[in-house]
Amino acid sequence: MSLGHLLLLPILIPLAAAGLGLLLRKQVTLQRGLSLAAMLGSLAASGVLLAGLRAGNSPLVWQAGGWPAPAGISLVGDWLGVFMAFMAQLVLTAGMVYALGARDYAVRYPTFFPLYLTMTTGLTGAFLTGDLFNLFVFSELLVISACVLTAISDDRYGAEAAYKYYYISLLASMFLLIAAGGLYASYGTLNLADLAQRIQAVPSKPLAGLSMACLMIFFLVKSAVVPFHFWQPDFHAVSPTAVSAMLSSVVVKLGVYGFLRMRTLLFIPWEEQIGQTLVALGLVGVFFGGLAAIGAAHAKRMLAYSTLAQIGFILVAIGWGTPLALMAALVFTFNHSLIKSAMLMLAGAVASRAPVKSAAFSVIQGVGKSTPIGGVLFFLGMLALAGIPPTNGFINKLLVFRSAVEDGQYPVLVLLIAGSVLTILYSGRAFMRIWWQPAAEEFKPKPGGDRLLAPAVLIALVILLGIWPQALLQTASLAADWLLEPLAYIQAVLGN
Amino acid sequence: MDLITALVIGTLFSIAIFLLLRRNVIRSAIGLIVLSNAINLFLLSTGAYSGRISPYAGQIGQPSDALPQALILTAIVISMGGFALVMGLITLLTSRYESADMDDLEGLKK
């Protein structure tokens, strides 16, 4: 058994546990224990993959059924894929811990945990697959699970937001199918490595440009980049806290992953056009997201808009595409996942203590006083979101700014710094409203709320990675180096 | 043959986009179904008719391409599950708001 077989584990463990969990829907404790064990197991498996990559120094590949690459379906674990999968598993495990300590009614829904696990499967599979059509299958699994999880939310508009999201996602999937059909008609393959090789050899097939545009739209919808963002704040604000913390942190990173793959592997002949588009859309996102977050009247909605802005920073860095900028994008992706999931969990935990279960500022104003620990954690998360040391947010902002200086992009740098100021405005305002301002007079906080263990662990990681970022930086710079050498990926998958 | 396939795909696409833009949620969901069928036909046209003999059957001659057929099979199954979900959500929403007009489903705007 080679290390490549291990690529299956982070995908299969949650899937198998989801199936078992469905059978155990009557035994609540057993189902919960099994789900947590499955998440920890697959997190450990992706940790082993990271260690294996570090030791082996070449991409891990597993060919389904032993069929060699262009004919069969391959799972590929290069640094980018495994890095993203590990990040997703880490945050999803924290989300599972939060869900186990949550007081939502949604968490008691018999299929909540199985759906959460299939969501994990879909996301991890999409990061690790080496086949375009397989990406469609995994992303559909992800979308359907996330949609049902939102439809059962405590918020009475859950079903409406789920319908909106599913409609848009289904349309986006149609774009992916058009891209897959166009690429298959032009190049006769759907294997990413094979496609990359053939596109580089003959970039001027008539359907290639159209397919690239359609693929781009799919990923733009997935990470809710500005002209395609309209479903995101509704959807992320009404889903159950444990789920919305995942959606707004790791699930939107599917698009980021896609842009990195498109830019550095699939469509290298067009990398300049892709880069310019991403820089422009990213800059619009930074300002639109920041300003919309300032105007939001709902804590979770504010954080969802803030995701638009933070994804904007990542896209700008991917758009520049220098080794330092790619490394900055990867570090930013990792850190933003930790910060944003912790912040959303804290907002949800405060809402669970409010007299009416809602995260609107008018309801949760002053509610934070009943949970001072939550206040300290939210304050640290706020520092991280704004990029103030000693948090990890400082490291990634600094990397993005440094890559701007290195690349000579001063006008963009000025805009990005202005965009960062917006971050501190909205997150600081939220902190003051929830923890400093006096509560409404008829307010009576509930005696308990969601457990704060998961956000505490995430914030501890945020501080740890701010003080000691070497391991993360080293991994990200290795991943960026690999991204710039697509030949190694292609050779590993196709075997020469 | 190619021309007929192209015309059918084009017609289906235009019907689908017309339906997608309806204000009635049920009609726009039907638009999604038509759209997915248009795309399935498009996938079929990318290679299924490169030969007329069934693949892997050992007959002599140019076999048809099996991959697009496998893709469509998967896409049909996934979209069937998806439409069941959409219809379920629509049933929930239309009975809650007692209307199928998109402008009436406005809980999230408040």
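**Exercise 1. Decide whether Asp194(A) is buried or exposed, and find the salt bridge that its side chain makes.**

Solution. In this predicted model, Asp194(A) has a relative accessibility of 4% and therefore counts as buried, where buried stands for under 20% relative accessible area, exposed for over 50%, and partly exposed for what lies in between (1.4 Å probe, protein chains only). Next, look for its partner: the side chain of Asp194(A) meets that of Arg198(A) in a salt bridge, at 3.2 Å from N to O, the term being used for a side-chain nitrogen of Lys or Arg within 4 Å of a carboxyl oxygen of Asp or Glu. Then place the pair: both residues belong to helix α7 (residues 192–201) of chain A and stand four residues apart, about one turn of the helix, a helix being a DSSP run (H or I) of at least four residues, numbered from the N terminus. Finally, Arg198(A) is partly exposed, with a relative accessible area of 34%.

A note on the conventions: residues are numbered from 1 along each chain as its sequence is written, and chains are lettered from A in the order in which they are written. Local features need pLDDT of at least 70, side-chain atom pairs count only at pLDDT 80 or more, totals for chains use all residues, and side-chain values use heavy atoms, with hydrogens and water left out.

**Exercise 2. Determine which parts of chain A are tied together by the salt bridge between Asp234(A) and Arg301(A).**

Solution. Start from the contact itself, in which the two side chains meet at 2.8 Å, N to O. Asp234(A) lies in helix α9 (residues 232–238) and Arg301(A) in helix α13 (residues 299–320), so the pair ties together parts of chain A that are 67 residues apart in sequence. Both Asp234(A) and Arg301(A) are buried, and together with Lys164(A) they are linked in a network of salt bridges.

**Exercise 3. Locate the partners of the salt bridge between Asp101(B) and Arg23(B), and state how accessible each one is.**

Solution. The closest N and O atoms of Asp101(B) and Arg23(B) are 3.0 Å apart. This pair links distant parts of chain B, with Asp101(B) in the segment after α3 (66–97) and Arg23(B) in the loop between α1 (2–20) and α2 (25–45), 78 residues apart. Asp101(B), at 23% relative accessibility, counts as partly exposed, as does Arg23(B) at 48%. Over all chains, the structure holds seven salt bridges.

How values were computed:
Helix = DSSP H or I, 4+ residues; strand = E, 2+ residues; numbered from the N terminus.
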